[in-house]
Amino acid sequence: MKNSKFILSMLCLFVYLQGYAQDRKNDIAPIYTKELKKIANKKKVKRAFEIIDAIDDQTIEDMIELTEVIAPPFKEAERALVFKKMIEAAGADKVWIDEIGNVLALRKGKTGKKLIGLDAHLDVVFPEGTDVNVRKVGDTLKAPGIGDDTRGLSMVIAVLKAFNKAEIVTNNDILFVGSVGEEGLGDLRGMKYLFNESDLKIDSWISIDGGSLGRINNAALGSKRYKVILTSKGGHSWGSFGLANPHHALGKAIDEFSAVASEFTKKGARTSFNIGVIGGGTSVNSIPFESWMEVDMRSVSAQRLDSIELLFKTSINKAVNDYNATDIKDKVTIEFKKIGDRPSGEISPSTPLIQRAMAATEFFGAKPRLTIGSTNASIPIALNIPAICIGRGGKGGGAHSLDEWFINENGAEAIKLAFLITLSEAEFAN
Ligand SMILES: [Zn+2]
């Protein structure tokens, strides 16, 4: 009896401490609450909020126009040109398309000491030929890609217009960006180019993509993806019987990898693995010449992601070598093709950008939630450059499906939030 009471009180204490830790994580230092209120109450900033409301119908029109120009992965160029025209019309000091295909607009600040980025991604998951005409059903706008992330693109334009029309001068420079390659095999290539190859020195980054008002993604869920291809000569199932069979070897490889990976993922920072697709072979009476699988591994910890990648390679190699050491004729060979590489990391909640994002969210009456995800912000986050991904607002659903929809319910609030966070990072000058 006494014992169970003790356990119960320990449990309560544990639950309490868990809650405490959660609250602490989202603590906003009073100086940032003050700072954000002060900025939001400036005359020009209030004017910018009014402008965002006033141009809201046009923002929705922009979203519809952009949605109807499909931008499959690696084929964003046509939509990029439409976005570029819109951003040029909104006004910036310099607008250009970089080597990889990102559309960039630079709005210069007074000192230009720092460079702040605001982006949404141009690409959608849908292939060429998909019907992307926007249908209006009551308040609902329906089309593949309308929310993810075309809504974000229209928000970037609206934020730039608000800066210009309210004649706000910032200290720092701001880049307004439509980026390529966020989805799937695009593998964040637009961001990788900006942060690893371009000569821009970016100090903080705000991505708009997914989620409702209040979501602040400050941590990157890293992933590594591979296609493993096993090959041999192949032949007749009866006539060449005894010849190395890649399917047989793949079976052993899957068994070996899933056994060690299951053990590895049982404890420590959350890590996952999945064999998502397997294929190969021509007919039931042929020894296949090829057998392949696609594998996805994820972890919140960069170190554990490296570890499971190593386990993956060693276990596959071992299984195939073991298979080759049996009395089969000829050998099975292995090829590892990396088809995805997204880094892990986290920006501390005490960093000014995260504090400002949380304080700005509270200013609009929403509850800030810090989250982990795989977004464009992952690239700067992994480099320890302050970055977040914030929501597109409104109401929406069905992302990555043909039934995607969006309702502009309080949608302008999310634009004002994106504007306020960007302004706080860019520093209001006059
Ligand atoms: Zn997206």
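Author: A domain's bounds are taken here from an automatic or database domain assignment, and for this protein chain that assignment gives domain 1 (30–221 + 344–426) and domain 2 (222–342). The model is predicted, with local features needing pLDDT of at least 70 and side-chain atom pairs pLDDT 80 or more, while totals for chains, interfaces and linings use all residues. Residues are numbered from 1 along each chain, and side-chain values use heavy atoms, without hydrogens and water.

Reader: Where do the two domains lie relative to each other, and what makes up their contact?

Author: The C-alpha centres of domain 1 and domain 2 are 39 Å apart. The contact (heavy atoms within 4.5 Å) involves 12 residues of domain 1 and 13 residues of domain 2.

Reader: Where does the largest pocket lie, and how do you know that?

Author: Both domain 1 and domain 2 give residues to the lining of the largest pocket, so this pocket lies between them. A pocket is an open set of points on a 1 Å grid where a 1.4 Å probe fits, with protein on both sides within 12 Å along at least five of seven lines, and its lining residues have an atom within 4 Å of a point. The largest pocket holds about 330 Å³ of space, counted as the space filled by probe spheres set on the points. Its lining has 15 residues, and those closest to its centre are Glu 182, Glu 183, Asp 209, Ser 374 and His 400.

Reader: What makes up the lining of the largest pocket, class by class?

Author: Its lining divides into 1 nonpolar, 5 polar and 9 charged residues, where Asp, Glu, Lys and Arg count as charged.

Reader: Which residues lie nearest the centre of the second largest pocket?

Author: Lys 114, Arg 356, Ser 424, Glu 425 and Glu 427 do, among 17 lining residues, and about 230 Å³ of space lies in the second largest pocket. By class, this lining has 6 nonpolar, 4 polar and 7 charged residues.

Reader: What makes up the largest nonpolar core?

Author: A nonpolar core joins buried residues (under 20% relative accessible area) through side-chain atoms within 4.5 Å. The largest has 82 residues, of which Phe 83, Ile 87, Phe 176, Ile 388, Phe 419, Leu 420 and Ile 421 touch the most other members. Leaving out residues up to four places away in sequence, Ile 421 touches Ile 206, Leu 353, Ala 357, Ala 360, Ile 388 and Ile 390. A second, separate core has 22 residues, including Leu 230, Leu 305, Ile 308 and Ile 316.

Conventions:
Buried < 20%, exposed > 50% of the residue type's maximum accessible area, 1.4 Å probe, protein only.
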